[in-house]
Structure formats: C-alpha cells, structure tokens
Amino acid sequence: MNKDIISALEWRYAVKKFDATKKLSDIQIDRILDGLRLTATSMGMQLMKFIVITDPMLKEKIQPIAFGQTQITDCSHLIVLCRTTEPKQQHIEDIIELTAQKRNMEKNTKQLIGYGEMMKYALHMPRQEQINWLENQVYLAMGNLLTICAVEEVDCCPMEGFNKSQLDDFLGLPEKGLNSVLMCTLGYRADDDKYGHLSKIRRNKEDLVEKLSLQDIPV
Ligand SMILES: Cc1cc2nc3c(=O)[nH]c(=O)nc-3n(C[C@H](O)[C@H](O)[C@H](O)COP(=O)(O)O)c2cc1C
C-alpha cells in the first residue's frame, strides 16, 4: 500500500449505503484496530473502549436506536466508540504500572510519581467538563479511524446520529463503566450509493487556514 494520503482522503466519504453482501476480512479489521489502538490521547490515558459488533441480529436491534440508519445493518463491522464513565485512581495506577513495565522503570521514580500527580490534578475538574474532555478523546480516535480506513481502502461512516442513553442501556455499557460517544460502520460501499458519486464539499484552503506572524498581531 503506497497510496498518496491526499488521494486516500479524497477517495473516502461517509458511506450512506453499504453492500451488505461484502464483509471485511479478519486481517483487514485487525489492522484497523491496531491503528486505532495507536491513537494519541491526552496524557496517554486512553480512557476509552472500542466495541466491535458483527452479529446481524444485534445490529438489527441497534438500528432503531440510530434512527433507522441502514448503514448499521448493511455494514460489515460496527464499532461503538465509548468513553470511560468516570476516571478512577485505578486508571492512573494502571497507566503508571504499564509505563514502568514497558520502559523498564521503577514505579516509585520521581518521574512516574510526577506523572501520576499530573494525571490526578488534570482530572480534577467539574463533572460536565470532565465528560466533555473524555468525549473529546474519543472524537480524536474517530478522526484517526477515518484516516486509517482511508489509507487501508476500507469504507466507513462516522455516526453520531443515535440515542446515546438508549444505546448505553441496551448494551449494558454503564455496568462496564462505559458510555457510548460515537459509532462507526465499516464495510464496502454499494455501487449505487449516490453519495459515492458526488463531489466532495470542502471550504477553500484560503478560507480554512490562516498564516499568522507576530507582525499581524494588533498592538
Ligand atoms: C462526528 C461525525 C458524526 C457523523 N454522524 C453521521 C451520522 O450519524 N449519519 C451519517 O450518515 N453521516 C454522519 N456523518 C457524516 C458527515 O455528514 C460527513 O462526514 C460530512 O458531510 C462530510 O462528508 P464526507 O465525509 O463524505 O466527505 C458524521 C460525521 C462526523 C465527522
């Protein structure tokens, strides 16, 4: 795979109609999940989980929770991107433990103690702010997922059009300390998906990007 990133991103689009007869291979989905695992997160905390669903009967039950969107039932793989409900001291200890193991360090070094204190301090924020922060991390993972799929030539549709609390209750996510944030359907675009033949709509780079120097700042 040696595709130019711009052509890959031009090629991808939010699929509205999947070819329900085509399925991704285990190798394809594993590569995508390997890439997703490498998503950067704030302080490296990865307070999230990715739930992969292929069971057609389960997908059928989820479809009404996503306002009947047909991508849910026609896709090959459905990924529910979840946030941790509430960060706990244990999450901080786990990441310290993992860092110590992987980097061959003692847990009680000044560096790791400082890291733990930084995480604790950063997470100490009003509850709604904390939820927003946790959700933002999952949105980053989605951005990464879309790019991975583009590079791997796997079609997908990012989805926030669903009832989060209904999905949480149905999948029993709160019992697992999780809440849904987004879903992503993956598979193969149908030949007759009319969205696959439309021009991409993006604002001009000149409108979207501004280059700034110190001399441009009003005094
Ligand atoms: C966070 C997010 C949520 C989205 N939710 C939905 C959705 O629920 N259903 C849907 O059909 N498309 C959804 N989209 C697709 C967008 O409408 C689409 O990405 C946008 O119009 C740009 O088009 P393109 O991705 O085809 O280039 C979503 C996109 C993003 C980034």
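**Stop one: a helix pair**

Select α5 and α6: α5 passes α6 in a right-handed crossing (the near helix is turned clockwise from the far one by less than a right angle). Helices here are DSSP runs of H or I, at least four residues, numbered from the N terminus. What you have open is a predicted model, where local features need pLDDT of at least 70, side-chain atom pairs count only at pLDDT 80 or more, and totals for chains, interfaces and linings use all residues. Residues are numbered from 1 along each chain as its sequence is written.

α5 covers residues 89-102 and α6 residues 110-123; their axes are 10 Å apart, at an angle of about 150 degrees (axes are lines fitted to C-alpha atoms over the stretch in contact, with angles from 0 to 180 degrees between N-to-C directions). That makes α5 roughly antiparallel to α6 (angles over 145 degrees).

Now show I92, I96, T99 and A100 in α5, which meet L112, Y115, G116, M119 and K120 in α6 (C-beta atoms, placed from the backbone, within 7 Å).

**Stop two: another crossing**

Next, pick α2 (residues 26-37) and α7 (residues 127-152), whose axes come within 9 Å and cross at roughly 140 degrees. That makes α2 oblique to α7.

**Stop three: the ligand**

Finally, select the ligand and its surroundings: Y13, A14, K16, Q69, C157, P158, M159, E160, G161 and K200 (C-beta atom, placed from the backbone, within 6 Å).

Terms used. Helix = DSSP H or I, 4+ residues; strand = E, 2+ residues; numbered from the N terminus. Parallel < 35°, antiparallel > 145°, perpendicular 65-115°, else oblique. Contact = placed C-beta atoms within 7 Å.
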